[in-house]
Amino acid sequence: MVLMQIAEPGASETSPDGPRKVGVGIDLGTTNSLIAHFDGDRLSVLPDEAGAMSLPSVAYYGQAEVIVGDAAVVLAAEHSADTIASAKRFMGKSRDEVSDEGYLEFADEGMAFATTRGPVTPVEVSADILRALASRANLAGFDQLDGVVITVPAYFDDAQRQATRQAAELAGLPVLRLLNEPTAAAVAYGLDSAEEGVVAVYDLGGGTFDISILRLERGVFEVLATGGDSGLGGDDFDRLLADHLTAAAALDNLTIGQRRGVIACARGVKELLSEQISCTVSLDHIVAGTGEVVVDRSTLNGLCGELVNRSLDACRQCIEDAGIEQVDRIILVGGSTRMPLIKEAAAKLFGREPLTHIDPDQVVAMGAARQADLLVGNRGKDDLLLLDVIPLSLGVETYGGLVERLVHRNTTIPVVRAQEFTTARDGQTGLLVHVVQGERERVEDCRSLARFELSGIPPMVAGAARILVTFQVDADGLLEVSAKEESTGETAHVVVKPSFGLADTTIAEMLRAGYENAGTDMQARQLTEARVDAEQLAAGIYAALKVDGDLLDESERGDLLSAVQGLEATADGDDVEAIRSAVEHTGKVSELFAARRMDQSIQQALGGISLEALEQEVGE
Ligand code: ADP
Ligand code: MG
């Protein structure tokens, strides 16, 4: 989704004296999750009883009560099958899409993890993490949450977004909106200072690397391109450093539990080396009798260099995909960007000093909290409200396979648009409404969203029926299309979700195709329109000949028929000008016939007086 910022002076929904509504933002991460709140003055992350800000996204299902967070991480060493980490990677995935079957049990629809408590789905794990986060809000004194904004990666498709919403529903949270993680980070930084330009968001977390390039223009946040590496993150650095420690301390034949211990230790060392250039580590608690090992930051940098370069390659690709020359701002997100090596590498690649003054672990949750606060209605007089806009135009198929757009892209939602259509053929009693999405002129180049039929149109000549088609998009992006025949009041409608299955990258591709093909699309449109004209003219002449053919003598009829047949043959080709002139020529040839028909109908109306006689009378 694209976001748009509008000023809404005086749109405050809560009176200054009324109780302030509670909105929270949640960063539901692969490794760590956070919940943040904006009190109108300050943005803060809500901690647990012990004061911890981030909650490890890990849950333990080895007993009746689910354990989430640090305690589950501790249990993971001994109960790996019952401890589920990184559930986010499996959200909205079907069994075919998940390759590492090792510890997964497949349910009928979707997938689940096999635990002592039975199968647990990724949605359930996420719901448990969300519940644990919500309890922090209670701890902070908020008895009830009025609205929640949850962030998701920009590349999440509709199924993954839907799964995230389901998790929130299961946890009983009132979700106002899902917000793209990079957009949330940009909101946390950009809204305060009303930045404009191209922003790169480099997000290196525990297990994934995401790079997103956004354009902020006239208040619109648009995702230009996303990229990354779903198998690259801080965990990889931990493993490399663990290998180094194991070798340096001359340990071998470690048990799985000991290996986990060394990795946990390596993670601590890695994090410490973001602050200091050297540290001493003892592995004695893992393998008794192990001496101390000294690790320098430069050693760590040497181990991680290759992986960091992989992230830079993904950045270069993303810049290319976005089709931009340079980036104005770069925001660092994710715990791993605390590493000096990463900061330097990113600064060098983008040629900019990265923005880091908001904690990279917290920036996403904070952006979400800020938006949640606005969405629940705590708007001050001049506050800016973020609104979704429609990423791709919505329209209907019209005669000849052309698209008539009713709602143009970047229109803010909610929105209602209506337009009148008519029937293309005489006596047509049904109308097929085909709803499409995209920027192209022809239906076949757009995305088909839904089809429905309006029946019960009273038979009329082509063009006489008046059918009002209404598009209504609500604040969640849900589209409802209805069609109403105005004389009978007959209606039909359909509800569709226009963003269904469309990742932001797909949207970007469709837009690009729309721009690139604008010229050829226009030609195609003109050709189709010319053909439709030809077809309608031919059909009209044939129908008239059937009724009033005897008004023409044989040679006149022959002339007309050969003109129509010539027209049809020309319309089969793709020379727009030729079709247009054939239409004009056939129109001319049919003028005589049209005049006789008019004469006849006037005669009938006047009860037998010929038109010539009438003209004579008038003239005299
Ligand atoms: P995710 O978005 O995947 O949930 P996070 O953004 O919370 O992940 O990042 C977690 C990763 O950040 C872990 O690999 C952790 O070791 C790493 N990390 C956290 N703090 C630091 C630090 N000071 N230096 C280096 N890495 C860090
Ligand atoms: Mg993250």
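**Aromatic pairs and nonpolar cores**

The structure holds 2 aromatic pairs; rings of Phe, Tyr and Trp (its six-membered ring) pair if their centres lie within 6.5 Å, and planes under 30 degrees apart count as stacked, over 60 as edge-to-face and the rest as tilted. Phe 90 and Phe 113 form an edge-to-face pair, with 5.4 Å centre to centre and 80° between the planes. This pair links distant parts of the chain, 23 residues apart: Phe 90 is in the loop between β8 (83-85) and β9 (104-105), and Phe 113 is in strand β10 (residues 112-115). Strands (E, at least two residues) and helices (H or I, at least four) are DSSP runs, numbered from the N terminus.

This is a predicted model: local features need pLDDT of at least 70, side-chain atom pairs count only at pLDDT 80 or more, and totals for chains, interfaces and linings use all residues. Residues are numbered from 1 along each chain as its sequence is written, and side-chain values use heavy atoms, without hydrogens and water.

Phe 90 and Phe 113 are buried, meaning under 20% relative accessible area with a 1.4 Å probe, protein chains only. Tyr 202 and Phe 209 form a tilted pair, 4.7 Å centre to centre with 55° between the planes. Tyr 202 counts as buried because its relative accessibility is 0%.

Tyr 202, Ile 213 and Leu 245 touch the most other members of the largest nonpolar core, which has 47 residues. Such a core is a set of buried Ala, Val, Leu, Ile, Met, Phe, Trp, Tyr and Cys residues joined through side-chain atoms within 4.5 Å. Helix α7 (residues 297-322) gives the most to this core, with 10 residues.

Note on methods
Chains are lettered from A and ligands numbered from 1 in the order in which they are written. Buried means under 20% relative accessible area, exposed over 50%, partly exposed in between (1.4 Å probe, protein chains only).
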